[in-house]
Amino acid sequence: MKQEFLIKLTPYQEAFYNEWKVNGSENEAAVILDQTIFGPLDRGRLNSSLVRFINDNLLVNSFMIKRSDGLFWQSIPLLSEDASVVMECDPEDVSELIRQPFDLENDRSARFYLARINDQQYRIVYMFSPALVDQLTDHFLCRELARYYNDPEYCHPIDLSEQARLLLELNAELNEILGNGKKRMTDFWKKHLRGMENTGFAFLETYRKHEYNNRVEIKGERLLELNIECSEEVYCNVKRLAETYKMTPYAYAQMVLAILLHRISKVGKLAINYPVSIKKQQDGILGSYVNTIPKAYYFTEETRLRDLINQNIEYVFNLWNIKADYLPWGDISYAPESDIFKFTFSQTHTKDDFIDYKDADDIIVNHPLRLTSYDHFLIEQEIKSGVLSYKIRYDGQHFDHELVSGFAAIYKNLFVSILDDLLHNKINYLISSYHLLDYERHHQVVHSWNDTVRPYSRDITVHGLFEAQTLKTPDHIALVFGDIKLSYKTLNEKSNQLAHYLIKKHNIQRDELIPICFDRSEHMVIGILGILKAGGAYVPMDPGYPLDRMEHIIGDTGARLVIGKGEMLDKLHKYQSPTRKRNFDVINLTDPETIHTIGECSKNNPVTETGPNDLAYVIYTSGTTGQPKGVMIEHSGVVNVVEFMSESHQFSTYRNVGCYSNYVFDAFVNEVFPVLCHGNTLWLFSNGLRISVDDLNHYIRDNDIEVSFIPPVLLKDLLPDTTLKLIFTGGENFPDVDSVLYRDIILLNEYGPTEVTVCATSHHYNKDGNSRNIGCAIHNTTVYVLDSYLRPVPVGVSGELYVGGVGVSRGYLNLPELTKERFLMNPFQTEEEKALGYNSRIYKTGDLARFLPNGDLEYIGRNDSQIEIGGGAYWTLGDRKCPITI
């Protein structure tokens, strides 16, 4: 007699159906039994056993239907005895076949594959929808499948009608629990999840070009797995926690994961989702009764182990008392949409399940085929044969293998460290006190990746390098501006005459600060070189500055004189210096009398006592105070940058170099001095060229200019028609341009705050096309990514960027407290570095960054209100508006 059954899906089974409707192309969380059989196999007997198995199990022989009153299991007519249910295939096709989605509305939720390897070896794969089988039923399932194969007379002990009655009874029980307690469950979850934050996956990800450029394809396995195996001693110790702290191995392992996520993400309120069984099931009834729920963890800077233990005890008590775990995941709608809920922590049973086929010589349970969703990160606890282990499963094309491996290593170390503290009752230990890096990884990020010490001209000044170059190439063209061309000899002599004039008339002293106010011209370069040669340090001011800004700079520097030209100095004549109580001198380099007087001065290189540790310049940048602050830069740092950039910018290959930046920004230092100290020709772009990309490209092409700094904001517009061979730019985020399209142009991203002498890191954009990659430290420079306690953070994790080395500024002029706050003694300086007098201080940049697995740095953003302008200087959003040409 034909029987039809209609069984309503439980809310937990509905969750799998809804997921299938949204992502029907994925067999997420499917349960797969995969075995290799050695010896004879009766394929007809196998098929017949599975026909009987299907007919005897109500939900196996059903599909799902959607009606106005809900979702139901609809039974299917029984199969005939000769029906074919085993799909035979080639072994190499198995992986592809199991990825074919179920059709839950038109077919059964089970599939069976047989792959013949040879006459004595077969691979058998059974696949079940997660709505049909869960971790509580798969042991029973293996036993039943073996019985059906081994005993042709075996039939299910519970007939279909009784199965239907039991399923309806179970549904009624669940409905009663949910109906009576839903409000209490809802209130529990609302309170438990209040204020949850998102940790995201960024610390496990690296830039993948295929995300931005579909022409580049990432190859390799998608689903990867890492294993963490604990010793027998560790497992025994973990079990001891139950008696003292009411904490199971599973709860402890999950707590350690929460601690790690908190430490690397800095998130104070986070949650981890995990599966729970809703109903203790009896053998004979298939169907999944597993819910997914989030467990929240709360952290502050003062959180201790005892706090987390108490959180766990309170959570478990309320969860079971209220039966909040019965509330379906889909009804916890007030949980924030967050990547953290894609961190799944689960546990497997401890039995070695396999289907025991009669007459088989040997049976091997193959490596589990898991179809975990690619955008999830799964940690699975397994206790088997007295061994505690953890499997980490993840998408190999979404997450970086090296970062996941590092994450796993840190997790294991924390697992052991925290366990040891709990066993010794050290429950007052601060969560923030645990070290995340072992010796090897600490040494890598602090020392190995900062092994940048290289020889450089440490005993010479910037102008000394220029003078040495002039002796080598006196007749080469050094500077071009419009129709004016100056050879190295001429430029050197003109700046020498100005230097002698300054020494003779004004008795310039070492470290004396001399503001200059020029528009773009050859006079600007002559003025800078002249001040350096006289022993002073130049302080650039833009002619567009408002008077009060100029007054601040002149007063702050205690200037005795200001050098400039023409009308740009007129508004300064009546300004009284508050530090000197008298008018400062103004030197106008276009005044005929001044020109005549300077022209009578010696053309020889002046001899001064200026050395590499004296100031070369002071550049004023804006800050959080709203008042410009002067950054004091010494010659030694500039010389290091000059020699590094001469090599990096390939000046031995390219001769003609453009100069774009306004001289009030330190990018100008990087553009001018490396060129003039190497014998190349510097082409000073006019203001007209700097505001027209088309005109600039024509000028570059007409004059065979090969190298130039180009601001990030202009780069995309300039690239299509440029003839430049090498472009370098300053700014944390290189524009996202197609490095494949412009592979014939060398593109360099150079990062560095003013406080560390122009440039601290450099990156070849062409290598990976990652616009956030700022590369690794330049020569004689160190970089550290630290947490709020000045401890190195793991690779992949963001922290504040600190910079050390020879380029670190002397500090802020007349701001000792701010200097003390931002320039710190380097806690990582080695004894060898101390002996060399190197790397004693580090600068707190205020930038967030992280190390990539190859040692490069990736820029994350600012941790204050500053914004970038001009490729390297900063205004704060609260600073007064100031017209300025960049």
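**Salt bridges, strands and a pocket**

Let me begin with E382, which forms a salt bridge with K391, their closest N and O atoms lying 2.9 Å apart; a salt bridge here is a side-chain nitrogen of Lys or Arg within 4 Å of a carboxyl oxygen of Asp or Glu. Both E382 and K391 are buried, where buried means under 20% relative accessible area, exposed over 50%, and partly exposed in between (1.4 Å probe, protein chains only).

A word on the basis of these values. The model is predicted, and local features need pLDDT of at least 70, side-chain atom pairs count only at pLDDT 80 or more, while totals for chains, interfaces and linings use all residues. Residues are numbered from 1 along each chain as its sequence is written, and side-chain values use heavy atoms, with hydrogens and water left out.

Across the whole structure, the search finds 28 salt bridges. One of them joins the side chains of E225 and R393, at 2.7 Å from N to O. This pair connects distant parts of the chain, 168 residues apart: E225 belongs to strand β8 (residues 223–229) and R393 to strand β14 (residues 387–395). Helices (H or I, at least four residues) and strands (E, at least two) are DSSP runs, numbered from the N terminus.

R862 lies in strand β37 (residues 857–862) and D847 in strand β36 (residues 841–851), 15 residues apart. Both R862 and D847 are buried. Elsewhere, salt bridges with shared partners join E162, R165 and E169 into one network.

Let us stay with β36. Of its 11 residues, eight are buried, and the strand is thus mostly covered. Which strands are joined to β36 by bridges? β33 is joined to β36 by five bridges, running antiparallel, and G804 stands opposite I842 in β36. Strand β35 (residues 823–825) is joined to β36 by three bridges, also antiparallel, with I842 as the bridge partner of L824. Five bridges join β36 to β37, again antiparallel, and A849 stands opposite Y859 in β37. Two strands pair if DSSP finds at least two bridges between them. β36 and β37 form a hairpin with five residues between them, and G855 in the turn has a positive phi of about 95 degrees.

I turn next to an open sheet of three strands, in the order β1-β4-β3, with antiparallel pairing. Because β1 (6–8) and β3 (62–67) stand at the edges with a single partner strand each, one side of each is left without a neighbour in the sheet. Six bridges join β3 to strand β4 (residues 70–75), and M64 stands opposite W73 in β4.

Finally, the second largest pocket. On a 1 Å grid over the protein atoms alone, a pocket is an open set of points where a 1.4 Å probe fits, with protein on both sides within 12 Å along at least five of seven lines; lining residues have an atom within 4 Å of a point. The lining of the second largest pocket comprises 27 residues, with R263, K266, D787, S788 and Y789 nearest its centre. The elements giving two or more residues to this lining are α8 (249–265) and β33 (799–805).
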